[in-house]
Structure formats: structure tokens, C-alpha cells
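My plan is to look things up step by step and write down what I find.

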Amino acid sequence: MRPVSHGTTKVGPELADIGEPEPKAGTGSVPAKVSVRNVTIAYPMRGRSKDFVAVADATFDIGPSEMVCVVGPSGCGKSTVLSAVAGLVPHRSGAVLVDGKPVTGPGSDRAVVFQKASLLPWITVEDNVAYGLRSYGVGKRAARERARELLDLVGLTAFARSYPYQLSGGMQQRVNLARALAADPSILLLDEPFAALDAQQREILQLELLRIWSDTPKAGLFITHQIDEAVLLGNRVVVSSRGPASSIRNAIEIDLPWPRSRDTRLEPRFTDYVEHIWELLSAAQAE
Ligand SMILES: Nc1ncnc2c1ncn2[C@@H]1O[C@H](COP(=O)(O)OP(=O)(O)OP(=O)(O)O)[C@@H](O)[C@H]1O
């Protein structure tokens with residue numbers, strides 16, 4: 001996807017020329033679902049008169065069924081930006097818009113998945129997924145039915161009556177994903193959701209996420225430290241500059257075919273993208 005932000009890069013003419021580009025979010029034909037426009041976010045510092053500027057002048061868009069992955073040096077403000085889109089952290093200037101309206105706080109249109117599953121240990125897997133729906137006023141039976149559908153979607157039907165401690169880390173994170181999808185959000189915000197998993201579980205969940213995305217496309221923001229994960233899952237990969245006062249350094253369209261699968265990793269262009277983003281990240285670290 002072609003971003004409206006500055007710093008857009010192509011991965012060489014041989015990659016840029018492949019395929020007819022799709023309509024781009026935020027460029028007129030497809031309105032952006034999420035717009036982050038010149039956003040600056042600062043945290044107050046105890047005992048100091050000046051705030052700490054974590055993110056400065058960040059700009060990018062996310063289309064209605066587009067996944068944007070963010071990579072960047074540790075502490076550059078990736079989670080801060082995601083929290084601002086979630087409505088959990090206020091921004092000092094600029095605009096965070098969903099469907100063109102300013103974000104003023106959390107909402108059921110946006111679900112967040114964090115690195116740790118944080119399930120309620122004293123209720124079953126099914127009840128964990130139904131819990132959020134019940135809090136939105138959905139009746140017990142309807143919430144249960146929806147929870148079962150979602151557990152089916154993430155391949156955990158057989159574990160509906162299990163308790164979280166009886167599941168592996170990867171399975172717990174699948175429950176977490178099902179829980180996030182329960183309210184049928186149009187935007188999914190994923191903050192290093194697979195970082196705590198081993199390599200095999202991570203890959204299984206990446207493929208699961210691709211499958212879920214093709215069944216029920218959404219706007220997604222995915223924070224990761226893994227470049228290959230970003231290239232596999234993203235329509236676009238945004239590279240942040242080093243903090244403090246970090247901004248968007250580059251935005252790279254990932255012009256690999258959909259649907260993506262394990263085989264996507266075998267494409268020579270996949271490796272080219274990974275290499276290119278690696279170089280950009282190295283440059284960002286060195287700045
Ligand atoms: N609540 C807070 N109060 C003060 N400073 C904060 C707060 N949250 C984050 N920061 C600071 O803001 C900067 C950005 O943090 P953030 O967690 O967004 O970075 P990140 O890129 O997600 O990091 P990592 O890749 O290590 O997870 C860091 O310097 C961090 O110390």
C-alpha cells in the first residue's frame with residue numbers, strides 16, 4: 001500500500017514494477033480507516049519541568065482491510081503510537097482519526113492484543129472469550145455461541161472447557177486473539193503478540209492470523225521486532241527512527257501476492273524486502 005506519509009521507499013525498480021498497484025488508503029479512492037497525522041506524544045517526567053517526547057510528527061494511514069507493521073529500534077515509541085490509536089495515551093499535537101473522527105478514548109471498534117495473554121485464570125477458555133461480550137451487554141447464550149464460533153476460528157474448539165493454565169503459551173495467545181475478535185472490531189491493534197512464543201508457535205500463529213485476515217479483513221496495526229514477520233503479514237512496513245522524538249523514517253509497500261502462506265517466505269522478493277528493511281533499521285539505529 002502506498003502511504004501518504006513522507007519517507008516512502010521502493011525496494012529497487014525490479015520490485016516496484018511488479019503488479020498493478022491496488023487503490024491506496026487515504027489517497028482518495030479508498031478512505032483511510034485509521035489516520036495518524038503529524039502526531040506528537042509526550043510523557044510527563046516526574047520532577048522535571050519538560051516532558052519526554054517519545055514520538056514526534058508521526059504520519060501514516062491504514063486502509064480498511066490493510067495490515068501495517070511497524071518496526072524500529074527499541075524504545076522508539078512503537079507501543080506509544082499503538083496506544084494512541086487505541087485511545088489509551090493522549091497525543092499532544094496532530095490528529096489520530098478513525099473513520100475521519102478524532103480518537104478520544106478506547107472503543108469497541110478497536111481491539112488490542114498485547115504480548116502477554118492475560119486471561120482470567122479462574123474461568124474456562126470459552127468464558128474468557130465470552131467475558132468481554134457479556135460486558136457489552138450481550139446475553140449469556142449469544143455470548144457463548146459467539147465464543148464457540150471464535151474458538152473454532154482459532155482452532156481451539158476442543159479446549160473450550162479447559163482452563164488457561166492447561167494451555168500452551170501459543171494456545172493462550174490464540175484465546176487472546178479470539179477474545180479480541182469477539183466484539184467484531186474493525187481495527188485490530190497487535191503489540192508484539194507473538195514475541196513470547198517459540199519459533200514454531202510463532203509461525204503457526206502468523207499463518208493463523210493470515211487465515212483470519214482473509215476470512216474477516218480488518219484494519220491492523222502490528223508492532224514487531226521481527227522483520228520477516230512484518231514482511232509476511234504487512235501490506236506495508238513502517239520503519240521508525242530512533243527515539244527520543246522518534247518519527248516515521250520509511251514506509252515500504254510489500255508487493256507480495258495474497259493470500260500469503262509459508263511459501264511466501266520462499267519468494268526471492270521476500271528475502272529482498274527483509275534485507276532492505278534490515279538495512280533501513282541498521283541506519284535508523286546508527287543515527
Ligand atoms: N508511561 C510512560 N511514561 C513515561 N515514559 C514512557 C511511558 N511509556 C513509554 N515511555 C517512554 O517512551 C519511549 C517509547 O516507549 P515505547 O514503549 O513506546 O517504545 P517501543 O518502541 O515500543 O519499545 P520496545 O521496542 O522496546 O518495546 C521510551 O523511551 C519509554 O521509556
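**Entry 1: a cut-off, then R242**

I start with the words for cover: buried means under 20% relative accessible area, exposed means over 50%, and partly exposed is in between. The model I am reading is predicted.

Is R242 buried or exposed, or does it fall in between? I looked up its relative accessible area and found 41%. That value lies between the cut-offs of 20% and 50%, so R242 is partly exposed. I then placed R242 in the loop between β10 and β11. I also checked R242 against P185, which is 57 residues away in sequence. Their C-alpha atoms are 31 Å apart in space.

**Entry 2: the ligand**

Next I turned to the ligand. Which residues come nearest to the ligand? There are 13 residues around it, and S74, G75, K78, T80 and H225 come nearest.

What kinds of residues make up the shell? I noted five nonpolar, six polar and two charged residues. Which element gives the largest share of the shell? That is α2, with three residues.

I then went through some polar atoms around the ligand. A polar backbone atom of S79 is 2.9 Å from an oxygen atom of the ligand. For E192, an N or O atom in the side chain is 3.5 Å from a ligand oxygen. For H225, a polar side-chain atom lies 2.8 Å from an oxygen atom of the ligand.

How much of the ligand does the protein cover? On its own, the ligand has 640 Å² of accessible area, and the protein covers 60% of that. I also noted the elements that give two or more residues to the shell: β3 (52-62) and α2 (78-86).

**Entry 3: helix α2**

How many of its residues are buried? Eight of the nine are, which makes α2 mostly covered. I listed the buried ones: K78, T80, V81, L82, S83, A84, V85 and A86. K78 and T80 were already in my notes, among the residues that come nearest to the ligand.

Just after α2 I found G87. Its phi is positive, about 85 degrees.

D99 is not a glycine, yet its phi is near 50 degrees. I found D99 in the loop between β5 (93-98) and β6 (101-102). Its relative accessible area is 45%, so D99 is partly exposed.

S118 is not a glycine either, and its phi is positive at about 45 degrees. I found S118 in the loop between β7 (110-113) and α3 (125-135). Is S118 buried or exposed? Its relative accessibility is 55%, and the cut-off for exposed is over 50%, so S118 counts as exposed.

**Entry 4: cis peptide bonds**

I checked omega next. A cis peptide bond joins G243 and P244, with omega about -5 degrees. P244 lies in the loop between β10 (236-240) and β11 (248-253). R242 has its place in the loop between β10 and β11 too.

Another cis peptide bond joins W258 and P259, where omega is again about -5 degrees. I placed P259 in the loop between β11 and α8 (268-286).

**Entry 5: rings**

W258 turned up again when I looked at rings. What sits over the ring of W258? I found the charged end of R260 there, 3.7 Å from the ring centre. How many aromatic pairs does the whole structure hold? My search found one.

**Entry 6: two last residues**

T104 lies in the loop between β6 and β7. Its relative accessible area is 81%, which is over the 50% cut-off, so T104 is exposed. T104 and H91 are 13 residues apart in sequence, and their C-alpha atoms are 9.9 Å apart.

R134 has its place in helix α3. At 42% relative accessibility, R134 counts as partly exposed. R134 and S214 are 80 residues apart along the chain, and 27 Å separates their C-alpha atoms.

Conventions
Residues numbered from 1 in each chain as written. Predicted model: local features only at pLDDT ≥ 70, side-chain atom pairs only at ≥ 80, totals over all residues. Heavy atoms only, no water. Near = heavy atom within 4 Å. Polar contact = N/O pair within 3.5 Å; in protein donor to acceptor, adjacent residues only side chain to side chain. Areas by Shrake-Rupley, 256 points an atom, 1.4 Å probe, with all protein chains shown as cover. Helix = DSSP H or I, 4+ residues; strand = E, 2+ residues; numbered from the N terminus. Nonpolar A, V, L, I, M, F, W, Y, C, P; charged D, E, K, R; others polar. Buried < 20%, exposed > 50% of the residue type's maximum accessible area, 1.4 Å probe, protein only. Phe/Tyr/Trp six-rings, centres within 6.5 Å; stacked < 30°, edge-to-face > 60°. Lys NZ or Arg CZ within 6 Å of the ring centre and 35° of its normal.
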